[in-house]
Amino acid sequence: MCSGCARRSGRSASRRCAASATSSGPEAVAARPGGTAAGRGRTLPQVGLRWKVCAAIAAVSALIALVLSLVVHNAARASMIDDSRDVQDERVQFAQRIYESTGRLTMGARLDDPALPAPLRQPAREGKRATYVSDDGGTPVVWAQTPLPDGRILSIRTAFTDRFSVLEDLDQALVIGSSAVVVGGTALGVLIGGQLSRRLRKAAEAAGRVADGETDVRVRDAIGGRLRDETDELARAVDAMADALAGRLEAERRVTADIAHELRTPVTGLVTAAELLPPGRPSELVRDRAQALRTLVEDVLEVARLDGAAEQADLQEVALGAFVRRRVAAAAPGATVAVRGDAVVRTDPRRLERVLGNLLANAVRHGRPPVEVTVDGPCVEVRDHGPGFPEELLRDGPSRFRTGSSDRAGSGHGLGLTIATGQTRVLGARLVFRNLPKDQGGGAAARLLLPRA
């Protein structure tokens, strides 16, 4: 459908008229030193902040470039059409003067052209000169008409192909310029987003180290730079929170240690006094409970020391196979030991004996026989054939004063695995808790991985 507008004028003046048309079960959980164990499920693919910022800037740049290109293109086209109308109006007036004086048609003029557009016929009947643009999607065709004294209509039709071909060069320049803007904006987005993403990633790593017990780490120092932005404010807030939590934990640790320390003397006196009681069943019960209370106080003191993160291991080279055989024979005579591959590890024998003893005690007390100990290189695994570890322990790691579910409940105060985890952290080793499937006999397995010498 043709669209355009007619411009018409009288003999002495011109005026415009006519119209224009608008052309979207953890299998096993590792208790790592310095942190609790946590199960991890499936996560959706993550898109980094860098690419989000880059995509946003690229989209905005493309939108702005598109809008500006359309505005420039339409403005240039409208200006060319207006210029073509003026030229065509001058041509029709010149052809009219030549025809009236010589009777010859020049410049491609025609009389009563049957193809004359309808919007130009009405102004001619009114004795007015007018122009009209016919646009069928290609090069616009500019018409101009003027009525003659004898009632006929003199008209000229020109396509102005050379004039409107400039629009193609303009469109090509706009495409190149818009592409350059989008590429430049995308590159800028990558730089800005990359810097922000890098700072946030460093902050997350530092926060993770703080969570793992490295109390001397500061997030603001980790991200570096002198830029004061939201990331810097976040780092300050995390550091302040870490300091406050560390202070509260230290206060709680000191209170726990002080209470246990103050209880040690009277409990020791109570144990000594119980030994002096005459033989009998009541005396045995008193001695047993007094000894349990003493063990509890010693364990609480050990947990308090481990929580302070000030313990240091006295490292030595130890032949793991022979060491495990001797300790298992003394701590759990009913357990079996299998050495698949011996190794020399660098560890603290006293602390390793404590870890191994607690794992064996937990297997004997809460599991079912047989209890099997396997040495495979620097790895020691203690396994029982009981109901397995509670889901809470696999998900959250050992917790003090928690003895497990009802079917694993019994004697003990729930500090054995907590102490084993703490001593493992001091040794620089790794302790993994898992439940074996039924087709492998079931049961709970604790695997200790030690550093080689």
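Contact here means heavy atoms within 4.5 Å. By this criterion, and leaving aside neighbours within four places in sequence, Leu360 is in contact with Val328, Ala331, Ala332, Val371, Val373 and Val382. The model is predicted: local features need pLDDT of at least 70, side-chain atom pairs count only at pLDDT 80 or more, and totals for chains, interfaces and linings use all residues. Residues are numbered from 1 along each chain as its sequence is written, and side-chain values use heavy atoms, with hydrogens and water left out.

Leu360 belongs to the largest nonpolar core, which has 32 residues. A nonpolar core is a set of buried Ala, Val, Leu, Ile, Met, Phe, Trp, Tyr and Cys residues joined through side-chain atoms within 4.5 Å. Buried means under 20% relative accessible area, exposed over 50%, and partly exposed in between (1.4 Å probe, protein chains only). Leu320, Val324, Leu359, Leu360, Val382, Phe389 and Phe433 touch the most other members. Two or more residues come from each of helices H8 (320-331), H9 (349-366), H10 (391-396) and H11 (416-427), and from each of strands E11 (372-376), E12 (379-383), E13 (430-435) and E14 (444-449). H9 gives the most, with six residues. Helices (H or I, at least four residues) and strands (E, at least two) are DSSP runs, numbered from the N terminus.

The axes of H8 and H9 come within 10 Å and cross at roughly 50 degrees. Axes are lines fitted to C-alpha atoms, for helices over the stretch in contact, and angles run from 0 to 180 degrees between N-to-C directions. H8 and H9 are therefore oblique to each other. Angles under 35 degrees count as roughly parallel, over 145 as roughly antiparallel, 65 to 115 as roughly perpendicular and the rest as oblique. On the H8 side, the contact is made by Leu320, Phe323, Val324, Arg327, Val328 and Ala331. H9 contributes Pro349, Leu352, Glu353, Leu356 and Leu360.

Helices H1 (residues 49-102) and H4 (residues 166-211) pack with axes 7 Å apart, at an angle of about 160 degrees. H1 and H4 are therefore roughly antiparallel.

Gln423 lies in helix H11. Its relative accessible area is 3%, so Gln423 is buried. Beyond neighbours within four places in sequence, Gln423 is in contact with Glu302, Leu306, Arg351, Arg354 and Val355.

In helix H2 (residues 118-125), Leu120, Pro123 and Ala124 are buried. These residues cover an arc of only 105 degrees around the axis, which puts them on the same side of H2. The arc is that of the directions from the helix axis to the C-beta atoms. Exposed Ala118 and Arg125 lie on the face turned away from the buried side.
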